[in-house]
Structures are given as structure tokens and as C-alpha cells.
Amino acid sequence: MLPLRGTPRPDLKIAVKHHVPLTMINSYRALAEPCDYPLHLGVTETDPAYQGSTKSAVAFGVLLAAGINDTIRVSLSAPPVE
């Protein structure tokens, strides 16, 4: 198990992925204070584009407003036309 404090490895980021925005928000908040590793916000959503976009916007909006992020990615599984 990697320590949460210390000299971070430049090749390591921590990602918490969950489809429920509140679970994601609470998990990242719990990690942000004790963790020196970069936090990667990422959602891979299997819901239709509208639901996936909404969930990503809610979770990312709260976390970005709190300054909790180092990298970010949004992946939606909807057809590209949508």
C-alpha cells in the first residue's frame, strides 16, 4: 500500500471512479486533505448522453469549485452523434 503522504511519484495519479456523483464527491473530499498524490477526476458513464453529462457536470462542478483536481477526463458511452 502506498503512503498518502511523502514524496509523490511523478508517474502516479489516484482516480476514484463512480457513477453516483455524491459518492465521487465524498471520496475525493476524503482523499484531498491527507493525500499528496495528484487526483484525477474521471467519469466513464454508461447512461444516455444527457444523464452522463449531467452527472459529470454535478460531480466535477463541486470538486473543481473546491480546488480538488489535478487532471480531468469525461468519457460518455453514447453514440458520437449525440
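Helix 2 is followed by Gly-67, whose phi is positive, near 75°. Keep in mind as you look around that this is a predicted model. The protein contains two helices and three strands, and they follow the pattern β-α-β-α-β along the sequence.

**The protein as a whole**

- Of the 82 residues in the protein, 28% are buried.
- The protein exposes about 5,200 Å², and carbon and sulfur atoms supply 62% of that area.
- Among contacts with a separation of 6 or more, 69% are between residues 24 or more positions apart.

- How far apart are the end C-alpha atoms of helix 2? They are 23 Å apart, which agrees with the 24 Å that 17 residues should span at 1.5 Å a residue.
- The buried residues of helix 2 are Ala-49, Gly-52, Ser-56, Ala-59, Phe-60 and Leu-63.

**A closer look at Ser-56**

- Ser-56 belongs to helix 2, which runs over residues 49-65.
- Is Ser-56 buried or exposed? Its relative accessibility is 3%, and buried means under 20%, so Ser-56 counts as buried.
- Setting aside residues up to four places away in sequence, Ser-56 touches Val-43, Gly-61 and Val-74.

**The largest nonpolar core**

- In soluble globular proteins, nonpolar side chains tend to be buried together.
- Here, the largest nonpolar core has 15 residues. Those with the most contacts inside it are Met-24, Tyr-28, Leu-39, Leu-41, Phe-60, Leu-63 and Ile-68.
- Which elements give two or more residues to this core? They are helix 1 (21-32), strand 2 (39-45) and helix 2.
- Helix 1 gives the most to this core, with four residues.

- Ile-72 sits in strand 3, residues 71-76.
- With a relative accessible area of 44%, Ile-72 is partly exposed.
- Leaving aside neighbours within four places in sequence, Ile-72 is in contact with His-40, Leu-41, Phe-60 and Leu-64.
- How many residues apart in sequence are Ile-72 and Leu-39? They are 33 residues apart in sequence, and their C-alpha atoms are 8.7 Å apart in space.

**Tyr-37 in its loop**

- Where is Tyr-37? You can find Tyr-37 in the loop between helix 1 and strand 2.
- Tyr-37 has a relative accessible area of 7%, so this residue is buried.
- Tyr-37 and Lys-13 are 24 residues apart along the chain, and 6.0 Å separates their C-alpha atoms.

Methods: Residues numbered from 1 in each chain as written. Predicted model: local features only at pLDDT ≥ 70, side-chain atom pairs only at ≥ 80, totals over all residues. Heavy atoms only, no water. Buried < 20%, exposed > 50% of the residue type's maximum accessible area, 1.4 Å probe, protein only. Contact = heavy atoms within 4.5 Å. Core = buried A, V, L, I, M, F, W, Y, C linked by side-chain atoms within 4.5 Å. Areas by Shrake-Rupley, 256 points an atom, 1.4 Å probe, with all protein chains shown as cover. Expected span 1.5 Å × (residues − 1).
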